[in-house]
Amino acid sequence: MPDVLAQLRDWFGALDSALVAYSGGVDSALVMATAHDQLGDRALACVGVSPSYPVREMHAAVELANRLAVPYRLVHTREHLDDNYAANPDNRCYLCKNELYGRLRRIADDEGWSAVLDGTNASDLGDDRPGMIAAGEHGVRSPLVELGITKDQVRELAHALGLAVWDKPAMACLSSRVPHGTVITPALLRQIELAEDALVALGFAQFRVRHHGELARIELLSQDIERAIAVRDAIVAEVTAAGYTHVCLDLVGYGERGADAHTGCAADADSVMLTVEGRA
């Protein structure tokens, strides 16, 4: 990996300064850390803050930036105030990224930053990612894509650099938990966030709480399902406290159905579920 890291570092040599769209995930963390290493204070990490971004993720992102002494800025976005976004259409991800990248582009233009960067990696190119269209429209560059750096290589590089998030699970926005066509509101997103916070508190690391009206469908890694049954009462208590009437555990397991976490596609209606509590 030394050659790949050297290439990534060299990539920044042509830049005078850069804004980095930084979420706290391993991809954007690697870009952020390398940009800071090469550009110093001429690199600024920008954390997009909105109701679809869990507060715990924002705190973790800021904590890592502080630990690395990387300058950062919280950039509040307002996609949730856009009726088109709230309607939750198939291109919702595009509308969200268009808002974020549009704001970063305006900051760059107003303040004289020479580039806006994101953490898209080469492995993402085979996925359906409408946000990449928005990135192109706003001139956002993706150094990991330009250098052909894959997700596995990202994790290896992050580990070699001592970034604590090198093995952090993928994290899609909270709106991705909602089936297309269901109207998105800040209150709904907060409900999902509270339910997922409860799972974090119970020690689960990779999961989704899918929103289906009064029903919360929990997707866990297959190896975590047995443990979830063991703490059934705690899960039911916390998820119902978040506002759900029904709590279901999806027996297929997280990531095994092929649902696209980035577009919010819900699983098929005939998915096998174990109801752990009915109507209260």
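The model is predicted, with local features requiring pLDDT of at least 70 and side-chain atom pairs pLDDT 80 or more, whereas totals for chains, interfaces and linings use all residues. Residues are numbered from 1 along each chain as its sequence is written, and side-chain values use heavy atoms, without hydrogens or water.

Helix 9 spans residues 186–201. Helices are DSSP runs of H or I with at least four residues, strands are E runs of at least two, and both are numbered from the N terminus. From first to last C-alpha, helix 9 reaches 22 Å, close to the 22 Å expected at 1.5 Å a residue. That expected span is 1.5 Å times one less than the number of residues. Buried residues of helix 9 include Leu188, Ile192 and Leu199; buried denotes under 20% relative accessible area with a 1.4 Å probe, protein chains only. The buried residues of helix 9 pack against helix 3 (55–67), strand 5 (207–212), strand 6 (215–220) and helix 11 (232–241), with contact set at heavy atoms within 4.5 Å.

The largest nonpolar core has 41 residues. Such a core joins buried Ala, Val, Leu, Ile, Met, Phe, Trp, Tyr and Cys residues through side-chain atoms within 4.5 Å. Leu19, Tyr101, Leu104, Ile218, Ile235 and Val239 have the most contacts inside the core. Leucine 19 touches, among others, Leu44, Leu104 and Trp113. A second, separate core of 37 residues includes Leu5, Trp11, Phe12 and Leu64.

Key. Buried means under 20% relative accessible area, exposed over 50%, partly exposed in between (1.4 Å probe, protein chains only). Lists of a residue's contacts leave out its neighbours within four places in sequence.
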